[in-house]
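Please read the following report alongside the sequence and the structure.

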Amino acid sequence: MPKLEPHTHLDPHTHLDPQARWALAALATGAFCVQLDSFALNLALPVVRDALHGSATAAPWVVSSYLLAAGSLMPVAGRLGDLYGRRRMLTAGLALFGVTAVLCALAPSLPLLVTARVLQGAGGALIMPAGLALLANAAPPGRGRRAMGRALGLAGLATVCGPFLGGVLARSVSWRAVFWLTVPLALAAALCARRAAESRDPDAGQSLDSVGAIAATGLAACLARWLEHAADWGWAVGAVLFGALFVRAERRSAAPLVDLALFRNHPYVALTVAGAVANSATVALLYVVPWTLQQAEGWSVLEAGVVFAAPAGALAVGGPLAGRVRPGAAVPVMALCLAAAAAALAATTRGTGTPSLLMAATAAAAALGVAGGLALTGTQAVVRRERAGEASGVTKAVMTATAGVGLALTGAGTGVGTRPSLVLPAAVCLVTAAALVTTARVLRLPRVRGLPLVCGLPVIRGLALVRRPALIRRPALIRRPALIRRPALVLGRALVLVRALLPVRRRPDRRRASQRRTSQRRSDRRGECRRQTDRSAAGQHQTDRRRSDGRGAGRHRSARRQATRCE
């Protein structure tokens, strides 16, 4: 399993170099375009159907075709970036995205619009994995996570504001304005990408694994369709068949599309699965809260969009916060975020008014924003930089393919007059958090430097109790709420109980760490003394050699003079 990226103390005055900044600008703008066009037409579908005279069954394919193409092609797109260059694939994806946005804006009929949306989804599939891998390789170690967090924060803002922006543009200007808006943004992102440094996998082969690419695309597409329509078992059978073909092809290929050893990387798998759950819960939250504001409270689309600015900001801030979490603490922080999101999602169903609903939605959006960002920044940190495109492609494909599960868990579309609920998404988040906590790798509980920004000081004190269980037996600390709050105490006792039940390798204490540092310094001093001795010996040897060479030359000149006298 690849080693985690070490945590390094960076100089706060150092910044990204110009090429890394261009990569950050290209990824942030491209991700904003991809997420905006993913959700901007959700509220504008009736307007599109009436304008193009389409049927009610064909109109949803305007959104589904885009998401299906983007999700199923991301593993192939990520590997293409590793093979032929991430900057090249990112630029090609942005160019394809911009051209197809023009075709969507000019589409005269619904079938042509769906076709253009499929091509636009292919461009979006190239943008996300290639952009993430490009930034991960362009930024210096320790800076890539924060840079990716900023880009993902902007993408999260587009995710939340996309439906409201699309609805307002469709009713006030035209639904075609949604696509015209992304054209200049895609062009600007392509120009930024051209100024970034190129990177690729030096160990990759010269050709793409075509069988693995077909199998991976079919697997992602069938899985996404089956998760949206669970009663249709034909898609499940197709997913199983494509999955078997994919595994067989990757085992036999000399240069596989996806190295199967990636799925034995436990932190990567845990973060990917948890990220898929967080993304599904985010989709559910973005559907239920606006529906409640418009249908139950009677608000307009514009009013709901203005009020929903607080959850939108919280979701956008989650990306930069996720970038501050070091790789070794990504899985524990993910578990805490999912648990907090579960509590906040459950609170939305018990609210007695709009303020309580918005407060719970804001808390849930903040927790889910951090979890979604960790799924991408954390997975990039636990794999080799050369295979970053492959890893990001698989992660994004899983998250996109399972996005429809959250909408199904809310009960949307089950019947007329049925009010959607967030109880089931909250339960899934809680179960996933419990699964992460009960894993032995999660229970090692490293020191979490980025956790105060995410979960607050009380949780940190709870984790401190776990590392020092003797503090729990001190009644003075329990009687002083200024030192330890009740939630922190409950969390600390719960984690102590879990650690007592499961075998966990304990962290070395401070004395052992100090002894190791002292011995390391002594060995360093011995090595420096040896190097100085070697340098002195080498200098003395050179001096002796020069002296011996000088004596030999003098003896040669004396012999020549003696020979001259004899002649």
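What is the relative accessible area of Trp 226, and how does Trp 226 count: buried, partly exposed or exposed? Trp 226 has a relative accessible area of 23% and is therefore partly exposed, where buried means under 20% relative accessible area, exposed means over 50%, and partly exposed lies in between (1.4 Å probe, protein chains only).

## Basis of the model

This is a predicted model, in which local features need pLDDT of at least 70 and side-chain atom pairs count only at pLDDT 80 or more, while totals for chains, interfaces and linings use all residues. Residues are numbered from 1 along each chain as its sequence is written, and side-chain values use heavy atoms, with hydrogens and water left out.

## Aromatic pairs

A search of the whole structure finds two aromatic pairs; rings of Phe, Tyr and Trp (its six-membered ring) pair if their centres lie within 6.5 Å, and planes under 30 degrees apart count as stacked, over 60 as edge-to-face and the rest as tilted. Trp 175 and Phe 179 form an edge-to-face pair, at 6.2 Å centre to centre with 90° between the planes, and both residues are buried.

Trp 226 and Trp 233 form a tilted pair, at 5.8 Å centre to centre with 45° between the planes. Trp 233 counts as exposed because its relative accessibility is 57%.

## Helices α13 and α17

The axes of helix α13 (residues 330-348) and helix α17 (residues 423-437) come within 8 Å and cross at roughly 155°, which means that α13 is roughly antiparallel to α17. Axes are lines fitted to C-alpha atoms, for helices over the stretch in contact, with angles from 0 to 180 degrees between N-to-C directions; angles over 145 degrees count as roughly antiparallel, under 35 as roughly parallel, 65 to 115 as roughly perpendicular and the rest as oblique. Helices are DSSP runs (H or I, at least four residues), numbered from the N terminus.

The residues in contact (heavy atoms within 4.5 Å) include Met 334 and Leu 338 of α13 and Cys 429 and Leu 430 of α17. By class, this contact of α13 with α17 has 15 nonpolar, one polar and no charged residues, with Ala, Val, Leu, Ile, Met, Phe, Trp, Tyr, Cys and Pro counted as nonpolar, Asp, Glu, Lys and Arg as charged, and the others, Gly among them, as polar.

## Helices α1 and α5

Helix α1 (residues 18-39) and helix α5 (residues 110-138) pack at an angle of about 150°, with their axes 9 Å apart, so α1 is roughly antiparallel to α5. Among the residues that make the contact are Leu 27 and Asp 37 of α1, together with Arg 117 and Gly 124 of α5, and the contact divides into twelve nonpolar, four polar and two charged residues.

Key
Helices (H or I, at least four residues) and strands (E, at least two) are DSSP runs, numbered from the N terminus.
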